Structures are given as C-alpha cells and as structure tokens.
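Subject: Structure handover and findings

Dear colleague,

Please find below the structure I am passing on to you, followed by a summary of what was found in it.

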Amino acid sequence: MIDLVKSPVGKEASTSDKAHIIKILENVGRALQPLELAQIINSLPKDVVLDKEKLTRFLLLTAFLDQQAESPSARRTAIKIYNVFGDYLFFEPQQCLMQINKLAALKDEYKISPAIGRVLPRFGWFVLRVGGFLTYEMMLDKTSLSEKLGQCKSLGEATAFLQSNPVVESILREKATRMYVSWIGHPDLGIDVSNGKWNKSFFEMPVDGHVGKIFSRAGLVSEVIHEEKEGSGSRWNVIVASKMRPSIQEATNQHGEDCIMVDHGAFQIGINCCPDNLEGIACDSCPRASFCQIKAKIGCKGYCMLRDYCKRNVTWRAY
Ligand code: SF4
Ligand code: SF4
C-alpha cells in the first residue's frame, strides 16, 4: 500500500506566469494532438479510417491496451492486431477470441508496466485486454457503438454509457476513458461521433504522470501529492497523478480554453523536454535539438518552450 503525502510544490508561479504557461501548453497540444491521433490511425487501411464504426471500435481497443502499458507500444500493438484479424476484429469477435493464440507473436511488442509484469506474464495481461475488448463486442452484438455514443447528449452521458458495462468498467479506468472520449468526441480531432453536440469546455483532462510533473515543476499548482514522505524511499518524489487531477484541471480551467490540448501539450513537454532523471533537461538549451521530431512542429527554438515562466521545481518525477 502506497503512503500518499501532500507537500508544497516549491515555488508557485504568479497568476500571469500561469496564464502564459497554460497558453503555451495549449498551443503545443493543438499542434501535436491531431498528429498523434493521425499517427495512431494512419497505418490502418483507408476504409477503416473512413468508417466511423470501425474507427470507434479500433480506438476503443487501443484505449484498452493502453492501460498499465507504454502508450506507443500499445498503439503499435493495436495496429498489428488489426493486421492479424482484419475486419473480423470488428464484426466476428467470437472467431477472433477463439483464435487469440494467433496474437502470441505480438507479445514482445507490447510493453507493460513492471508492476504488472511481476504478477502476470506479458501475454496474460495482453489476453485480458484483447479478450475483454472482444467480449464487449460480442455483448454489443449488432449495436453500432459509434451511433450509441453519438446519441449521448453530453460527454458525461457517453462516459456513463461506457462505464455502465461491467467489462468496460473493469478494464477502461478513468484516465483511459477520458482519453478515449476525447479521441472520438473532440471537435478538432476529426472523428466527433457526437457531430458537434459535446461541448469542448466539458471535456476532462486524462492527466498522467508527465502532465502532473509539468504542472508541478512549472509551479502551476501549490501542492503536490506524491508517494512517500521525503527521505523514506527512492520513490518518495513520484507524483500520484490521479490524485492531483482535480487541482490540475482547476488550474487549467482558470487560464485555458481547451483542457484536452493543455493536457497533451504538458504530456509532450514532459516526455520530450523535461526528463524525469534530469539528464539533458532542456530548460535553457536542449541536447536533442538537432534530431527532435517535434521541434519544428511546435516552433521550439532549441530550449524548453516554458523557459521564461517555469519555476523549475525539478524535485518532482512522473514515474
Ligand atoms: S524543461 Fe525546465 S523549463 Fe521546461 S518544464 Fe522542465 S523544468 Fe520547466
Ligand atoms: S528540441 Fe528539445 S526543447 Fe525543443 S521540443 Fe525538442 S526536446 Fe523539447
């Protein structure tokens, strides 16, 4: 059992600095989030991408796989699963389930968290995720998931609809649910099963460790919730992102217009520019500038975009 502790963040940013930081994060997210989603789906055949139902189901599988796993590996694995089963993945789930052993070859691609790996072989976790997805499809039977979600009047209703199924509820935890509904419903991401019915301002940030790290290091929040008391173990300064979500959402709502883009911007700065172990941290100059894949897309000048406003509370770690 982890002993959660609350500590002051260090230096908190001024209101005006917070507004600047949130705006920068929002712009970074706006530049990169559509590309990220495109990257997930671009390896799929055109007919899948153009078919709302297939795409809605495929992204649900991706969100299922994302739990307790490294996100890029979960996304690559989802595409490989489609390559094995083709459209049977969407319309013949029972047949796929009976041939789930065909997916054993993909298990090395799929990287799960070390904590899960200690209690379950990798393929075991994989089978639970994919098997859960196929079981849910069997329960949907002929129901169109995209239409069902699109009929929901609000995001809350869509989330409740997903969570009302015990299989989905047990696999798709809160963060992944928020991520999934933003993929299929955010008006700027091109799928929008609701056809504009879901208001952008009602989305909720998924918030992972990297987002928590950037909000803490930059001084956007006043307190950090972390794993242990200072000095009681090597992981004492690891942020518990799920517990910090309300204060992160509140800080974002005060200064931003689109929390999904702010979340994604913080995630990208967190994994690219602001490493957990501080090696090559890009505050004033970035050692990765010559080969960085996002630099040009976000207009980075070779140092962290938050340089002028961030409070650099670098004690805090994502993982
Ligand atoms: S790289 Fe430096 S300036 Fe950028 S968010 Fe991290 S601590 Fe702040
Ligand atoms: S070049 Fe460095 S600072 Fe700029 S976006 Fe890439 S990783 Fe971040």
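Predicted model: local features only at pLDDT ≥ 70, side-chain atom pairs only at ≥ 80, totals over all residues.

Apart from neighbours within four places in sequence, Ser216 is in contact with Val9, Val221, Val224, Ile239, Asn313 and Trp316. The residue belongs to helix H13, and it counts as buried because 30 C-beta neighbours lie inside 10 Å, where 20 or more are required.

Domains

The domain assignment of the chain gives two parts: domain 1, made up of 5-30 + 204-298, and domain 2, covering 40-193. Between the C-alpha centres of domain 1 and domain 2 the distance is 27 Å. Contact between them involves 7 residues of domain 1 and 5 residues of domain 2. On the side of domain 1 that touches domain 2, 4 residues are nonpolar, 1 is polar and 2 are charged.

Helix H14 comprises the 15 residues 241-255. At 1.5 Å a residue H14 should span 21 Å, and its end C-alpha atoms are 20 Å apart, so the two values agree.

For H15, the same check on length can be made: its 14 residues should span 20 Å at 1.5 Å a residue, and the end C-alpha atoms are 20 Å apart, which agrees. H15 is mostly covered, since 13 of its 14 residues are buried.

Two residues other than glycine have a positive phi here. Asp192 has a phi of about 40° and is found in the loop between helix H12 (174-185) and H13. Val207, whose phi is near 60°, is placed in the loop between H12 and H13 as well. Are these residues buried or exposed? Asp192 has 16 C-beta neighbours inside 10 Å and therefore counts as partly exposed, that class lying between 12 and 20. Val207 has 27 other C-beta atoms within 10 Å, so it is buried.

Ligand surroundings

Which residues come nearest to ligand 1? Of the 15 residues around ligand 1, they are Cys274, Cys283, Cys304, Leu306 and Cys310. The shell around ligand 1 receives its greatest contribution from H13, which supplies 3 residues. By class, this shell of ligand 1 holds 12 nonpolar and 3 charged residues, with no polar ones.

Around ligand 2 there are 13 residues, of which Cys273, Ala282, Cys286, Cys292 and Cys300 come nearest. The shell around ligand 2 divides into 10 nonpolar, 1 polar and 2 charged residues.

Yours sincerely

Notes. Residues numbered from 1 in each chain as written. Chains lettered and ligands numbered in written order. Near = placed C-beta within 6 Å. Nonpolar A, V, L, I, M, F, W, Y, C, P; charged D, E, K, R; others polar. Helix = DSSP H or I, 4+ residues; strand = E, 2+ residues; numbered from the N terminus. Expected span 1.5 Å × (residues − 1). Contact = placed C-beta atoms within 7 Å. Domains from an automatic or database assignment.
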